[in-house]
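Please prepare a short briefing on the two ligand sites of the model shown below.

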Amino acid sequence: MKTALTIAGSDSGGGAGIQADLKSFAANGVYGMSVITAITAQNTVEVRSVQDIDLPIVKDQISAVLDDIQVDAVKIGMLSSEGTVEVVAKELIHYQPRNIVLDPVMISKGGHHLLREQAMEALILKMLPLATLITPNIPEAEVITNRSIKTKEDMKAACIEIHALGPAAVLLKGGHLEGEPEDLLYDGNDFYWIAGKRIHTKNTHGTGCTLSSAIAANLAKDMPLLEAVKEAKKYILIAIENSLELGNGHGPTHHFYDLYEKAGLYRSR
Ligand SMILES: Nc1ncnc2c1ncn2[C@@H]1O[C@H](COP(=O)(O)OP(=O)(O)O)[C@@H](O)[C@H]1O
Ligand SMILES: Cc1ncc(COP(=O)(O)OP(=O)(O)O)c(N)n1
């Protein structure tokens, strides 16, 4: 069985972070493992508080998994602090896992900082060059490039600029722009528009985590990058279409491989 490791924060409400990643891994047919970087007290409405995990424990979680188990892909989400960015980068350089998908999580839907501002530079300098694929949303790409992104041409320019910072490829998610949520994949040579269909729902908590984990799972299963992204985009669409009316805020996406299987998309290798 192929495997994937998520290095991310815990969401007590179960919709984003580690919890979403593990559900997405399972639904996409890989064995999931986790390194918890921070614990958030979170629900569908807000992030109430955050406790970073001590750095030696972050390091030990990574080495405990990688010393023992074959890891076919790594997904990175909330890193919270500069120290955590540094420890994770150092361990990734040491272990050299293949297929690193970096979701540069910065701010929750409710506006809570999930990456301290002081950690931004470390994320850009130390983490971006290690990524096989980085998956920023529009606001995250605006922070990384320090430019405003309003049009498809802006999206292309941002992809080129982010790619120059070191990741092998960039998937700029267009969900935050008006109209259909089209994402743009850039591998340093070619651009690929990944078409989407907007689902009109407020229940989109954890969409970014779900998508990046599905891509990581697909890469773990040895899919080429473009196919991995296209298949994950089909998965996020199904997960949003079936999202759950839970809580009083943004309900979570729903992960269930039986529906996915019926749609002919489930592949476990
Ligand atoms: N309402 C929606 N309907 C369909 N697809 C969406 C919707 N919102 C976001 N997406 C897609 O979900 C994925 C996650 O994107 P996004 O929500 O922008 O990420 P994030 O959670 O990091 O803000 C992208 O592929 C995006 O195009
Ligand atoms: C612990 C944790 N990690 C990541 C996020 C952000 O998740 P995302 O998929 O971008 O979803 P929203 O926050 O936009 O709903 C999070 N909230 N918590």
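Which backbone atom lies 2.9 Å from an oxygen atom of ligand 2? A backbone N or O atom of cysteine 209 does. This is a predicted model, in which local features need pLDDT of at least 70, side-chain atom pairs count only at pLDDT 80 or more, and totals for chains, interfaces and linings use all residues; side-chain values use heavy atoms, with hydrogens and water left out. Residues are numbered from 1 along each chain as its sequence is written, while chains are lettered from A and ligands numbered from 1 in the order in which they are written.

**Confidence**
- The chain has a mean pLDDT of 95, and 95% of its residues reach 70 or more; pLDDT is the predictor's confidence in each residue, from 0 to 100.
- For the complex, the predictor gives an ipTM of 0.96 and a pTM of 0.96.

**Ligand 2**
- There are 16 residues around ligand 2, and Gln42, Lys109, His205, Gly208 and Cys209 come nearest (a residue is near if one of its heavy atoms lies within 4 Å).
- An N or O atom in the side chain of lysine 109 is 2.9 Å from an oxygen atom of ligand 2, and a polar backbone atom of glycine 206 is 3.2 Å from an oxygen atom of this ligand (a polar contact is a pair of N or O atoms within 3.5 Å).
- Ligand 2 taken alone exposes 420 Å², of which the protein buries 94% (Shrake-Rupley method, 1.4 Å probe).
- Strand 1 (3-11), strand 2 (31-42) and helix 7 each give two or more residues to the shell around ligand 2 (DSSP runs, with at least four residues for helices and at least two for strands).
- Helix 7 provides the largest share of that shell, three residues.
- By class, the shell around ligand 2 holds five nonpolar, ten polar and one charged residue (Asp, Glu, Lys and Arg count as charged, and Gly as polar).

**Ligand 1**
- Asn137, Lys173, His176, Asp183 and Lys233 come nearest among the 15 residues around ligand 1.
- Polar side-chain atoms lie 2.5 Å from an oxygen atom of ligand 1 in aspartate 183 and 2.8 Å from an oxygen atom of ligand 1 in lysine 233.
- A polar backbone atom of proline 181 is 3.4 Å from an oxygen atom of ligand 1.
- Ligand 1 taken alone exposes 550 Å², and the protein buries 91% of that.
- Helix 7 (207-220) and helix 8 (225-241) are the elements that give two or more residues to the shell around ligand 1.
- That shell has five nonpolar, five polar and five charged residues.

Technical notes:
A polar contact is a pair of N or O atoms within 3.5 Å; within protein, one must be able to donate a hydrogen and the other to accept it, and residues adjacent in sequence count only if both atoms are side-chain atoms.
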